[in-house]
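The sequence and the structure come first.

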Amino acid sequence: MQEKDPFVFKYEDVVAAGGHDIRLAPEPALFADAFENPAALKKLEIELILSVGGDSVLAEGVVRAELQLECSRCGEPLTRTFEDSFDEVYPDTVEYIDTREVIRETAGILSPIKVLCAEDCKGRCLVCGTNRNKKPCGCRQEKSGSFEALKDFKPGHPGGK
Ligand SMILES: [Zn+2]
Ligand SMILES: [Zn+2]
């Protein structure tokens, strides 16, 4: 007997039931390996609708993941939820409808390459490292990231010119 997996369905059972509409919240550990940084995955939700057609079953789903990430600009931790949908057709030649792979693939592309805590995140000061969202620092950096600006900065002359 095959081990019961909530993402694997016997084709004939699905047809007999006339389809399925399921919402699952699996242990993140089950799909964590689909993520570049498995520890980032805090919560996972999957919605799955199986529709019976003439000679196939259509699986439509949504994968929703809560990820713990860091702002690409200031490095502060942040938690965001990402989701994506998928659909996959299983022909009536299969014995089992195994949705694990398509769920894994969908989950694997959820992580953004870059994420910001806020659209206007000010980032960290290149000179002193202060998180400039929290408090302004006195460093000169009109052109942030410019080496010219850094070269002109002379510590120890608070009075300026
Ligand atoms: Zn930020
Ligand atoms: Zn600074």
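**Sheet, helix and core in a predicted model**

An open sheet of four strands is ordered E2-E3-E4-E5, and the pairing is antiparallel. Strands pair if DSSP finds at least two bridges between them; helices (H or I, at least four residues) and strands (E, at least two) are DSSP runs numbered from the N terminus. The model is predicted, so local features need pLDDT of at least 70 and side-chain atom pairs count only at pLDDT 80 or more, while totals for chains, interfaces and linings use all residues. Residues are numbered from 1 along each chain as its sequence is written, and chains are lettered from A and ligands numbered from 1 in the order in which they are written.

- E2 and strand E3 (residues 41-52) run antiparallel and are joined by five bridges.
- His20 has Leu50 in E3 as its bridge partner.

**Helix H3**

- Helix H3 (residues 100-108) packs on the sheet and touches E3, strand E4 (56-70) and E5; contact is counted when C-beta atoms, placed from the backbone, lie within 7 Å.
- The direction of H3 makes about 35° with that of E4.
- Ile103, Thr106 and Ala107 of H3 are buried (20 or more other C-beta atoms within 10 Å of the residue's own; exposed is 12 or fewer, partly exposed in between).
- These buried residues fall within an arc of 100° seen down the axis of H3, so they line one face of the helix; the arc is that of the directions from the helix axis to the C-beta atoms.
- They pack against H2, E3, E4 and E5.

**Nonpolar core**

- The largest nonpolar core has 19 residues (a set of buried Ala, Val, Leu, Ile, Met, Phe, Trp, Tyr and Cys residues joined through C-beta atoms within 7 Å).
- Leu50, Ala59, Ala65, Ile97, Ile103 and Ala107 have the most contacts inside this core.
- At least two residues of this core come from each of E3, E4 and H3.
- Beyond four places in sequence, Ala59 touches Leu48, Leu50, Asp87, Glu88, Tyr90, Ile97 and Thr99.

**Phe35**

- Phe35 lies in the loop between helix H2 (28-31) and E3.
- Phe35 counts as buried because it has 20 C-beta neighbours inside 10 Å.
- The C-alpha atoms of Phe35 and Ser111 are separated by 7.2 Å, although the two residues are 76 residues apart along the chain.

Terms used:
Two residues are in contact if their C-beta atoms, placed from the backbone, lie within 7 Å. Axes are lines fitted to C-alpha atoms, for helices over the stretch in contact, and angles run from 0 to 180 degrees between N-to-C directions.
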